[in-house]
Amino acid sequence: MKYKRLFSTYGLKGKTLKNRFVMAPMTRSRSSQPGDIPNALMAEYYGQRTSAGLIITEATQISLQGKGYAKTPGIYTPEQIEGWKLVTNEVHEQGGKIFLQLWHVGRVSSSKVNGLQPIAPSPITAKETNVYIFDGAPNGDATFVPVEDPREMTYEDIEQVINEFVEGAKNAIEAGFDGVEIHGANGYLIDQFLRSNANKRTDEYGSCKENRVRLLMEITQLVSEAIGKEKVGVRLSPFIKFKDMDDPEILDTIMLSAKKLNTLDIAYLHLCETDWDDAPEIPLLFRKTLRLRFGNAIIATGNKTPDEGELLLKENLVDLIGFGRNFLTNPDYPQRVELNAPLNEISDSHTLFGGGDKRGYTDYPTIKEDK
Ligand SMILES: Cc1cc2nc3c(=O)[nH]c(=O)nc-3n(C[C@H](O)[C@H](O)[C@H](O)COP(=O)(O)O)c2cc1C
């Protein structure tokens with residue numbers, strides 16, 4: 001068999017994954033309104049994609065303040081917990097495993113989305129960064145609006161955010177998830193703390209990389225204590241610079257994070273290597289060093305082909321391979337890889353974010369349904 005490693009099982013801290021394919025987290029903005037509540041359509045979508053060894057949900061806000069885009073789901077109200085139960089039940093019935101991605105957007109937001117001024121490590125607005133709302137545009141399209149000026153977080157804000165991550169994690173377990181992924185990537189709150197150009201604090205949460213990793217570490221430690229370290233993963237994006245994320249020291253900071261996360265013995269570290277086509281290939285030396293720093297599972301996601309995935313597994317540089325868009329358009333992606341079958345493409349980019357119906361969401365066919 002050509003992809004024998006991709007199709008081998010993997011023991012993720014006591015959970016057996018049936019293959020090494022991970023469905024990467026993807027925001028689809030289809031929660032029910034008002035209240036950002038997961039629903040039966042979302043359960044159908046995730047249930048269709050249980051061909052993946054592990055599914056990681058779309059980013060899910062831990063509070064209203066942590067929300068940056070319209071119609072993304074939350075994990076902080078009883079109704080949201082009930083809604084997520086539809087998703088976890090469906091995925092488990094289909095034999096899948098699913099982690100929830102816990103999200104706080106920090107400065108990447110607007111009062112037009114949640115009625116609140118954004119918060120951030122420092123009062124610095126992200127340049128050239130937009131979020132979206134749905135304000136009745138034709139076709140139900142999203143309307144993009146610039147992010148608003150954030151206010152600097154106080155100690156009380158930091159404590160509150162840490163508590164919200166912990167509560168979100170506990171709620172996720174109550175909703176039936178197998179674990180949580182802490183979103184520390186892509187320019188959102190935790191990433192803003194990690195980067196020197198967004199974090200100008202002079203207290204113990206800023207001014208040097210040892211301090212800039214503090215929020216990530218405190219959140220991860222307390223979440224691990226609350227739900228069990230074997231149920232916790234962290235996502236980081238070392239080479240991504242969008243949303244005004246620049247920092248000459250970031251690779252050292254990421255390595256320091258990896259080393260410290262290793263001491264917490266969490267289940268995995270997930271590298272977001274690209275969001276779309278927007279980051280360089282990760283250098284081999286970085287991968288090798290990361291492997292030495294972090295002993296548990298490493299997931300690599302971003303423009304991966306099965307060939308590249310198989311090679312990364314063969315060279316023992318990572319343990320699991322994440323695929324985003326291929327799972328979005330192919331619910332049975334692993335089977336298509338196995339049979340070398342053609343892949344569905346994105347049918348209509350207007351249906352990526354938002355839209356309440358099946359179109360461009362649950363109507364991508366499996367091989368069996370192909371015409
Ligand atoms: C529609 C869409 C939504 C995404 N939303 C998220 C998200 O909610 N959280 C996250 O960490 N990454 C998000 N990403 C990034 C993906 O997880 C992944 O890194 C990216 O799609 C690259 O992988 P691919 O080339 O296999 O698609 C999103 C990507 C896409 C295409």
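1. The count comes to 21 salt bridges, a salt bridge being a side-chain nitrogen of Lys or Arg within 4 Å of a carboxyl oxygen of Asp or Glu. The model is predicted: local features need pLDDT of at least 70, side-chain atom pairs count only at pLDDT 80 or more, and totals for chains, interfaces and linings use all residues. Residues are numbered from 1 along each chain as its sequence is written, and side-chain values use heavy atoms, leaving out hydrogens and water.

2. Have a look at Lys358 and Glu44, whose side chains form a salt bridge at 2.7 Å, N to O. This pair links distant parts of the chain, 314 residues apart: Lys358 lies in the segment after helix H12 (333-339) and Glu44 in helix H1 (residues 40-48). Helices here are DSSP runs (H or I, at least four residues) and strands likewise (E, at least two), numbered from the N terminus. Lys358 is partly exposed at 42% relative accessibility, and Glu44 is partly exposed at 30%; the class lies between buried (under 20% relative accessible area) and exposed (over 50%), with a 1.4 Å probe and protein chains only.

3. Asp203 and Arg201 also form a salt bridge, with their closest N and O atoms 2.9 Å apart. Asp203 counts as buried at 18% relative accessibility, and Arg201 is buried at 6%.

4. Lys229 meets Asp265 in a salt bridge of 3.1 Å, N to O. Lys229 sits in the loop between helix H7 (214-227) and strand S11 (232-236), and Asp265 in the loop between helix H8 (250-264) and strand S12 (268-272), 36 residues apart. Salt bridges with shared partners join Lys13, Lys229 and Asp265 into one network.
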